[in-house]
Amino acid sequence: MGLQLKIGSRGSQLAVWQASHIAARLRERGHEVEIKIIHTTGDKITDVALAKVGAKGMFTKEIEDALAASETDLAVHSLKDLPTELSEQFEIAAVLAREDSRDALCSKKFASIEELPQGARVGTSSLRREAQLKAIHPDLLVHPLRGNVDTRLRKLESGEYDAIILAVAGLRRLDRTELVRQIIPVELMCPAPGQGALAIETRAGDETVRDTISFLDDEASRIETTCERALLKKMGGGCQVPIGSSANWQDELLHLRAVVASPDGSRLLRESASGRDPVELGEAVGDSLLRRGGAKILEHVYGRSAAIPQQT
């Protein structure tokens, strides 16, 4: 017999698509599903670059509040928006099969980052993207870009920007790939931890809901994103820091690439390693980056000391 389920979601076009996708999968199995739109702090602050806001959970807190109050039964998130440390009240009950995790260059005039001319105006809301862009091409003019996918593409089409950087996953989900000129190689621009993955959050210990959505959990995607988030947690980072990571689970072995960069791109550290335990691998690569100078970079970003793990 089907359940009556209520999904909590942000109200952006992409978030509604994501929640509707999950709802459709659950309805196929005979469940009644309602989507509850919840406006988060991050949605309300639209005129400030996210890196300057700096609040962890700014796209998730209000959604979690509704979940804790049993106003909803599950929440659908872009995994890259979820803080690496969840309250004990909640758990990630499923990570769906991941879309492409890479970033895309969208432009009407230029075919790649390398082709952008000196002084080109590039829009992005991400400090991670900005730092890596400037490391590749230090003479670009990078400007903040907020709003949903349609808003950002409209600003590009109107000529406000020569190019903008967006996640491939969101563009594909909304069928808005017409201005994608380059899918940026991971070696050039390392994605955000968890990028391209959808996560379903539930109340901890809610076995009925957990069992109901277990069919949506994808093992490889969970392993890869667990590794990427372990690295981010080790480095003390939130969702708006100049840290990138990309894990690939293949033939029972996990390969992890990671990067940390100063916001102006003047310092950029890369690290890669392989292993079988996602948390151990993520922590080891994060530890290496911190010791090689990542702690100094993050100290500058946060305006405070980033904790360097003790030698063991």
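This is a predicted model: local features need pLDDT of at least 70, side-chain atom pairs count only at pLDDT 80 or more; totals for chains, interfaces and linings use all residues.
Going through the pairs one by one, β1 (residues 4-9) runs parallel to β2 (residues 32-37), with six bridges between them. Gln 4 has Glu 32 of β2 as its bridge partner. β1 also runs parallel to β3 (residues 74-78), this time joined by two bridges, and here Gly 8 is partnered with Ala 75 in β3. The antiparallel part of the picture comes with β3 and β10, which are joined by four bridges. Ala 75 turns up again in this pairing, standing opposite Glu 201 in β10. In general, strands of a sheet pair through backbone hydrogen bonds, in either the parallel or the antiparallel sense.

Helix α1 (residues 13-27) belongs to a right-handed β-α-β unit together with β1 and β2. With 15 residues, α1 reaches 21 Å from its first C-alpha to its last, close to the 21 Å expected at 1.5 Å a residue. The buried residues of α1 are Leu 14, Ala 15, Gln 18, Ala 19, Ile 22, Ala 23 and Leu 26. These buried residues pack against the strands β1, β2, β3 and β10 (198-203), and also against the helices α7 (168-173) and α8 (207-213).

β11 and β12 are antiparallel and share eight bridges, with Ser 246 partnered by Arg 257 in β12. The hairpin of β11 and β12 has two residues between the strands, and Asp 251 takes a positive phi near 55° there. β12 then pairs with β13 (residues 268-275), again in the antiparallel sense and over eight bridges; in this pairing His 255 stands opposite Ser 274. The hairpin of β12 and β13 has six residues between the strands, and in this one Gly 265 is the residue with a positive phi, near 75°.

In soluble globular proteins, nonpolar side chains tend to be buried together. The largest core in this model has 21 residues, of which Leu 231, Met 235, Ile 243, Val 260 and Leu 289 touch the most other members. At least two residues each are supplied by α9 (219-234), β11 (243-250), β12 (253-261) and α10 (278-302). The largest share, seven residues, comes from α10. Ile 243 shows what such a position looks like up close: leaving aside neighbours within four places in sequence, its contacts include Leu 231, Leu 232, Met 235, Val 259, Val 260 and Leu 298, as well as Arg 128, Pro 191 and Pro 193. There is also a second, separate core of 17 residues, with Leu 26, Val 76, Val 209 and Leu 216 among them.

Technical notes: Residues are numbered from 1 along each chain as its sequence is written. Side-chain values use heavy atoms; hydrogens and water are left out. Two strands pair if DSSP finds at least two bridges between them. A crossover is right-handed if, with the strands pointing away from the viewer, the path from the first strand over the helix to the second runs clockwise. A nonpolar core is a set of buried Ala, Val, Leu, Ile, Met, Phe, Trp, Tyr and Cys residues joined through side-chain atoms within 4.5 Å. Buried means under 20% relative accessible area, exposed over 50%, partly exposed in between (1.4 Å probe, protein chains only). Contact means heavy atoms within 4.5 Å. The expected span of a helix is 1.5 Å times one less than its number of residues.
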